[in-house]
Amino acid sequence: MNLKFDWKIPLETPPDRLWRYIADTNRLNQYAGLPQSSFKYVPEADGGSRQVGETRYLGWRLRWDEHPFEWIEGRYYEVVRGYHSGPIRRFHTAVTLHPNGGGTLVQQTVTCEPRWWFAIPAIYWEIGFMSQRRFRAAYQKIDGQLRGAAEPAFLPVPRVAIAPGRLDVIRRRLANAAGRQWLPRLISDLETMPDEELDAMRPFVFADRWGANRREVLKLFLHASQAGLLDLSWDVICPGCRGAQERHDSLKKMKTDAHCPACNVRFGADFAESVEVRFRPNPAIRRVDVVRYCSGGPMNAPHIVAQQRIAAGGERTLDLRLPRWEYRVRSLKLDAPCVVRTSAEATRSAATISLHRPTLSPTALELTPDVSLTLRNDDTEPITVMIERAAGSENAATASMVIAMSEFRTLFAEEVLSPETPISVGAVALMFTDLKASTSMYEAIGEAPAYALVRRHFDLLRDTIARCDGTIVKTIGDAVMAVFVDPARAVEAAFEMHQTIEADNTARGEPALSLKIGIHHGACIAVTLNDILDYFGTAVNLAARIQKESRGGDTVLTDDIWSDPHVQEVLGRRPHAHEVIVCEVRGLRGMKTIHRLA
C-alpha cells in the first residue's frame, strides 16, 4: 500500500528564476526544518558509488539508500530513498515547476510505502500536514524575496561581529592592497553570510555580486590571506561531478592525482582544469561549520542539464533546449562519453544514443539547439545518464591563473610543489627577454654601473608585466622569464616594455638599452626548481629559443601566438612592422614559422 500526497503552490516568480533556489535541496531542506544528515559513498564494482544517508528524526534513527536524483534543469527533480529502518520502507518525492501565466505553479508529489500499517496516521500527520506546511512556507518565502529583487535568505543568519581591535589590525595591513576599496563589502559578508557560502569562497562570485572587477577582487582575497582575514586553499575538483574532493592548505601537499569517492574514479591534478584556489574565513575571524541536509540535488551539480535513470531495456526521449555549446552525455558505468555540439548550422534536431556497458554509440553528434534526444538502454541493468555542459566553470580562479599573478609570487613566495610532483598547468603564454649587447655594455661602463642598470631594467619590466596581468618567474643573468594566462596580454606587455625601456633611455641617456623579446603559447608543467615555482617543457624551450631570433627593439612571436584572434585585436591597435620568418630553431625538430614585430 502506497500513500500519496500532492501539493500545489502558486507563486508569482517564473520558473527560470525559481529553479536555482528550489533545486538547492540542501538549503531548502534546512529551511523546511528537516534534520541534518550524514552521507557516505559505497563503491560499486562496475563504476560509480551508491550513497547511504543517516539521520535522527522524531526519535527514530533512520538509515537509507539514496538513489541518484533525476532532473531536467528548470523543470523538475525527483529522488527515491529506500529506508533500512523506521516507519517508511520506500520514499519518493518529485518537484515540478509548471509555467503559470507570468509565474509558476510548484507541484510537489510525495509517495511513500509504510513499513507498518499502524504508522499510517503518523505519516499522514507528519507528511500530509506538517511537511506540506513547512515546504509551502519555504517556497512562498523564496518567491517573496525574489519578487523583492533580494537574494533569498533561507534562514536568518545572526551577525557574527569581528572584534574591532582585530579589524583595525587587518585594515592597516590591507591599507595599500589591490582591491582594498572592496574590503568593507568583504568584511560585511564575512559577518553576515551563512556558513555554507563561506566554506569555499570563490572570488569571482563575490566580485560579480559586488559589481566589481574580478581580478581586483582576486588580488584582495590573496592579500587578505596574508593579512589573517582569510585562509587560502588549493581545492582539487573532480572533472565528473565537479565537487572538491581534496583541500590542501599548501602546494607541497598536492599530489599528481586524486580520488573522487562519489564517482569512484582517480583523476590527474591539473592546474588549469582541476585545481581551484578558494578561500574561507580564518578561524580567528569566524569559525565555519557546514552541515548537510541533502547530498545529491541538482544544484550540487549545476553543470548537469539533465540526469536520468534509464531502466534495463528501456528508453526515454528528452526534449531539451541546449544553447550553442558543447555537451557530454556520460555515465559512471561507461568508459567514454558522447560529445554533443549544438549550433544553428546543424541539420539534425533528433538523435538516439544507445547504451550498452561499457560503451555507448554514437560518440559524437552535431545537433540544433532544440534537441530531441532519445536515450536507449540496451543493457540488462539500469543506468544513470548525465547530460552536462562540457566546459569548466567560468567562476573558477584556477591554480594556473593564480600562480601566473605577480601578487601571488610576491605574497606566497614560499608556496612550491614537492620536488617529485610535477603538475600540468595547461597552455600559458611564456615570454623570454634579454638585453642586446649587454656584454659590451659591461666592458664599456664597468661591472658595478652595468649591474645597477640591469637591476633598474628588471624593476621596469616587473612593474610593466604586473600591470598586464603577468608575473616574472625568474631572472637568468640579464634575461627574464615571465608567464601570462592570456596571450593577448603578453603581446600587450611586450609593446609596453619596449616603450618603457625607450622612455627610460630618453630620461637617463647613454648607454641606451635595447630589449629582445620572444613569446610562445603552449602547454607545460609546473615544477619546483631552485626553491621557486617554475615551468618546464617543450613550450618553455621554444619560447626561450625564439627569443634569440630577436634583433633588439623588436618582439618575436610563434605562429601559436600570432594566430590567436585576441592577439590580432591587440596588433590592430598597435602600429608595427611585420616580418614572417621560416627557420630552424636550435634543439627542436622541423622548420618553425615565426613573426617579427618591430
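**Entry 1: strand S26.** I began with strand S26 (residues 515–529), where 11 of the 15 residues are buried, that is, under 20% relative accessible area with a 1.4 Å probe and protein chains only. I took strands as DSSP runs of E with at least two residues, and helices as runs of H or I with at least four, numbered from the N terminus.

**Entry 2: basis.** I noted that this is a predicted model, in which local features need pLDDT of at least 70, side-chain atom pairs count only at pLDDT 80 or more, and totals for chains, interfaces and linings use all residues. Residues are numbered from 1 along each chain as its sequence is written, and side-chain values use heavy atoms, with hydrogens and water left out.

**Entry 3: partners of S26.** I counted two strands as paired if DSSP finds at least two bridges between them. Strand S23 (residues 423–435) runs antiparallel to S26, joined by 12 bridges; Phe432 stands opposite Gly518 of S26. Strand S28 (residues 554–558) pairs with S26 in the parallel sense over 4 bridges, and Lys516 has Asp554 in S28 as its bridge partner. Strand S27 (residues 532–536) is antiparallel to S26, with 5 bridges. In the hairpin of S26 and S27, 2 residues lie between the strands, and Asn530 takes a positive phi near 55 degrees.

**Entry 4: helices H7 and H8.** I then looked up H7 (residues 203–210) and H8 (residues 214–227), whose axes come within 8 Å and cross at roughly 125 degrees. The axes are lines fitted to C-alpha atoms over the stretch in contact, with angles from 0 to 180 degrees between N-to-C directions. Contact means heavy atoms within 4.5 Å; among the residues that meet are Phe204 and Trp210 in H7 and Leu218 and Phe221 in H8.

Definitions and conventions
Buried means under 20% relative accessible area, exposed over 50%, partly exposed in between (1.4 Å probe, protein chains only).
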